[in-house]
Structure formats: C-alpha cells, structure tokens
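Hi,

Here is the structure I promised to send over. Have a look at it first, and then read on for my notes.

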Amino acid sequence: MGLTGLFAIGLATAVSAQDYQRPSVSGIGAVAQPEQIAAWDIDVRPDGLGLPVGKGTAEEGEELFADRCAQCHGDFGEGVDRWPVLTGGHDSLTEDRPEKTVGSYWPYSSTLFDYINRAMPYGDAKTLTPDEVYALSAYILAENEIVERDQELNQDNFAQIEMPNRANFFADDRAVSEAYTERCMSNCKAEAVNIVSAAPELDVTPEE
Amino acid sequence: MTNALNRRGFLAAGAASAGALAAGSAKAANPFEPKEWGQFLGAGVDDEPYGTPSEYEAHVIRRNVPWLTADSVSSINFTPLADLEGFITPNGLHFERHHGGRAIVDPAEHRLMIHGLVDKPLVFSLDDLKRLPSISRFYFIECAANGGMEWRGAQLNGCQFTHGMVSCVQYTGVKLSTLMEMVGAKPNGKWVLAEGADAAGMNRSIPMEKIMDDCMIAWAQNGEALRPGQGYPMRLVVPGFEGNMWVKWIRRLEIGDMPWFAREETSKYTDLLEDGRARMFTWVQDCNSVITRPSPEKPWLDRKGFHMISGLAWSGRGSVKGVDISLDGGNNWIPADLEGPVMPKCLTRFNLPFDWQGQEMLIQSRAYDDTGYVQPTFAQNRAVRGVNSIYHNNSVHTWHIKPDGRVENVQLV
C-alpha cells in the first residue's frame, strides 16, 4: 500500500524533458534596507563622497594620536620598529631608500580618512567617531606640513586638500613598456655569466 | 599496553629520522625486517574524523619570514612549493596574507551586500548564495609581492620564500555576472568596491569589466568550505589579478562611477619607479615560473644520474604556452614538457628529465604565455622599474647547482 502511494505521488510530479522549462534565477536574496546600507557604507572617495559630517583640527588630534596611535607610529608619525612611518620622507622617492609616507607618497587625502575610519587603531578598528577621525587625519597632515595645526577639517573641505605627490601616479603601462616577446634559444648571452649575489651569504633565511 | 608502548617508541624514533629518510641517506633503515605496522593493529576509522597528513610529512608546512613585517598578524606565510606535486595546493598549505589577522566569521552573522548604482540593492546569506547556479574553476592566486625580497639581489635561500606567495585551488562559487544581473547594475557603474568584514576592512576598487568577465564569489576551495585563512565563509575570486584584490570575508560590493583609491591601491600595491613616479592599478600577475626541484629545499646531494627537473609556471593573462630551461645561466635554452592539464590563469607543471654528472650549473626556467609574453630577466625588469617597486617581480630565477648537489639562490650578470 505504501509503495503504491509513493508511486502515485511520483507520477503526479513527473516532468518530462519535453515539458521541462529551465527557470531563471529569481527570488533569492533580500532587498537591502536603507538602514542596513547606512550601517556598512563607510567608504570615502577622493571627490569627498562618503565623508561623514564632522570636524577636527591637528591641535585636537595630537593627544588622541599620542593615546591611540603613537605606540606603533611614534609621537610624530616617525614610526616605531617596523610599523608604518606616516610623516617625513619628502623628496625621497628617487633616493636609494625611499620613505613612502602619507606626506611624501599618498595621492589623496580621502584615503587617509577612509583607512583610519575602517582599520585603525590597529586591533581596535571602527571605534573612532567622525570627529576623532577628522582630528587624527588633521594631525597627520599637519605633521607633514600639508595643513595648519589650527585648520579645521570637515566634510566640506577635507577632499580639497592637495597632496604633494598626487601628480606622480600613472595607470599601469606594462602592456606597452614591458612587452617582452623575444624567446632567444641559443647563444643568448654576449658576455660571460657571473654570479653577483648568493642568498646564503646574507644568511637571513629563517631556520627550522 | 605493551603494544601501545612499543608503537609509541617506534614512532618517536621514526620521527627523529624522518629528515634523514627524506634526504635519502637512511643507512640504519631496513625495510625488509618485520615492522610494528605489520604486526600490531592500526587505529580504527573513528579516531580521526577529519584526516591529517602522515607524521612523516611534518616538515611540509607553511613558514613565514619574521623580519619581513612588524608583527605576524598583518603578515604573510608561504606555501612549501618544493614539496608539492601536480598543480593543486592542499587547503592547509595555501599561503595566507592577512592585514588584520585571520578573521573567524560566523556565517549566520555574515551577509554579502550589493548596492550603489543598482536598480535593486540586495543582501545575501551564505545559504542564499549556495542556492544560485554555481561553477567550479581552477585558478592560481599570487600575492603581488611574491619575489619582492629579491629585487636588490638574492636574499632568501628556498623556493618556499622566493616564490611561495602563490597557490592554486579549485574554487566553487557564483559568477559575479549572475549577481550583477540580479541587482541590475546601472550602465554608469564602471567600478566596484569590494570590502571585507575583517578588522582591516580590506577594500579594493575593481573595474566592472573584470567583474563581469570572470570574477566569482567563492565559498569553497578544493571541494570543501573555504578555510578561515582564505576568507570563510566567502571570498572574491579575481582570476589572474594580484591576490590583494581577492577580498576575503567579503561583505560588501558597492557599484560606483569612479575608483575609490583605497589605501591598498595607493599607499600599497602601487609600484614606485626609479624616477619617483609610481604605477597604480597594476592588477595583472604577469607570466612567471620557478623550478621547485632541484631547489635549496630539494638538493641533489651527490646523487648523480637521472633526475627530473620540475617546476611551476603561470600567467595572469591567460594560459602558459611553454617553459624553457637553461642550465648555463641563460645562454642556451631547452624546451621543457608541460605536464597538463594546461588551464588559463592556473598553475601549470613543467618537467625535463636530466642526467646529472656532478657538474656545476646555473639552472633557470623561463615561461611564456598564449599572448606571446615571455618572462623577463632581472636586468630587463630593473631597467624599467629600478629596485624599489616591491611588487610584481616575475624575473627569471636562478638556482646554482654546486658540484656536491647543494642548491643556492643566486643572481647573475
């Protein structure tokens, strides 16, 4: 009796290959509500889109920086141990050991706000208020002599800050500048081959 | 009890000599004597619900370079390429690079939001995504900084450290083109911001053209759920592009009309040239290769005679077309055999049998891909970039085979 019952259900729901219609994807996922988007949409662009309402000065940021940032970055952004150096390095990009800091390298001020706001302080991310992020950004920019110490930064003027190294970035051009296509197979070296460096001499490979 | 003690005693001695066994000089071993494992019963099927490698393979592990980064949290570990076969990286040996540590994410508390320039912003749970049409694809992922310690000269003596920021797995997930159709991405939405749920809030701008071409949201690798270190419960897959863009623990995709110039695409992952200018948006991982055997980890140690030279090649532009091997520091080249399968944006194994009679050699591999691009030398790369670009070092690499079979990482002129 049980078998007969199951069989009957099978027949009732059977769809032949002829009758089968491949459905399109629909009805999966929920519509994102405005408050959900607002809770997560924290990114800031160079044109200022995404900057929250708020304000701060370097003077206001100094103590906060000492409290929450200096442990890794140093009191003036000079960096502790191998943690990132945030200040100085101006005109060093063509030197043998360039110092790529917020002031010497970063092309947009918006990146500073976006990064501090999402990832700092290291180990306690996303805990700063907008005013605190403005103040910390102002302090780092002032230490790089890009803004004045008493200059208030806010949602209206932050994106207008001109970063010194802005013009020195350009889009990937490897397809043109590095279009290597020659596949030499024999007698490829005009001069004798010499070893100029060997890793064991440096002795910096981790041991077991 | 006696049996157990005997077994433990044997295993301890075995572990101590595992290194010697690997080096092929285990003089004390006699495989033809009676063995513990031939007499006593082994473990049952219930002692190890999730399997692990043999204890004799305990040396095959990821390693890191402590001096490379300020701490081990925002850092990287390396895949032990010399010990791997074929082209698949086992999940437990996949290299990891985190900017805020390895996040442990509860999938019940995780969502993927897609919003911005769309008709209908949507939020997906992991279960939602798994209901969608999925695909499985083999791709390599390589950190843009792979080989970055070698720009000024040979530095790290091991292919785990010179090339181990690359792994290759089969990803399972949903094509992003499917998701973009569902939200109705608008025509002016030329860029997509991908953002992670981790403490770094990792964010990168990706062109919509690439998103629609072959990007995926993956929830599985090599047939099982992603490991936490690879972004469990979901990650972005951006085939052929630098690993940093493959945002792990992905929680948000925002469609916009310009790039965001996030920290990881301005301060980092830009390539400083000698004249002080810097390339940005250097996404593609160019054609690259490395000989994994012999290597500093796999020397030939007085074993003259037949050897297989073996290694891995890859290209973010497409498929590996071929690999040439030089034994004389790049003066003459011999085409190697591609083992196959050869797939686009996937690791490809190459081999070349060789009869070694103890001669000193400078051994190199040079890959080329189906776009015609040929892997360059250090001299070619340095001529364009100098030595401070950090990222995208795909220069032909040299191993120095010494007369006693030891192998050293060297650079040549």
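Cys346(B) counts as buried, at 1% relative accessibility. Keep in mind throughout that this is a predicted model. The closest cysteine sulfur to that of Cys346(B) belongs to Cys168(B), 3.6 Å away, which is too far for a bond; the cut-off for a disulfide is 2.5 Å.

So where is there a disulfide? The count over all chains comes to 1, and the bond is formed by Cys184(A) and Cys188(A), with 2.1 Å between their sulfur atoms. The torsion about that S-S bond is about -100°, so the disulfide is left-handed. Cys188(A) is partly exposed, with a relative accessibility of 28%. Cys143(B), on the other hand, is in no disulfide: the nearest cysteine sulfur to it is that of Cys168(B), 16 Å away. Cys143(B) is buried, at 7% relative accessible area.

**Aromatics between the chains**

There are 20 aromatic pairs over all chains. One of them is Tyr108(A) with Phe261(B), a tilted pair at 4.5 Å centre to centre and 50° between the planes. Tyr108(A) sits in the loop between helix H4 (70-73) and helix H5 (109-119) of chain A, and Phe261(B) in the loop between strand E13 (250-256) and strand E14 (271-272) of chain B, so this pair joins two chains. Both Tyr108(A) and Phe261(B) are buried.

Phe261(B) also pairs with Phe281(B), again tilted, with 5.6 Å between the centres and 35° between the planes. Phe281(B) belongs to the loop between strand E15 (278-280) and E16 of chain B, so the pair ties together parts that are 20 residues apart in sequence. The relative accessible area is 9% for Phe261(B), which is buried, and 13% for Phe281(B), which is buried too.

**A sheet in chain B**

Four strands of chain B make up an open, antiparallel sheet in the order E16-E17-E21-E20. Which strands stand at its edges? Those are E16 (288-293) and E20 (337-338); each has a single partner strand, so one side of each is left without a neighbour in the sheet. E16(B) is joined to strand E17 (residues 305-314) of chain B by 5 bridges, and the two run antiparallel. Asn288(B) is placed opposite Trp314(B) in E17(B).

**A buried helix**

Helix H6 of chain B (residues 176-183) has 7 of its 8 residues buried, so it is largely enclosed by the rest of the structure. The buried ones are Leu176(B), Ser177(B), Thr178(B), Leu179(B), Met180(B), Met182(B) and Val183(B). Gly184(B) follows H6(B), and its phi is positive, near 70°.

Cheers

Conventions: Residues numbered from 1 in each chain as written. Chains lettered and ligands numbered in written order. Predicted model: local features only at pLDDT ≥ 70, side-chain atom pairs only at ≥ 80, totals over all residues. Heavy atoms only, no water. Buried < 20%, exposed > 50% of the residue type's maximum accessible area, 1.4 Å probe, protein only. Pairing = 2+ DSSP bridges. Phe/Tyr/Trp six-rings, centres within 6.5 Å; stacked < 30°, edge-to-face > 60°.
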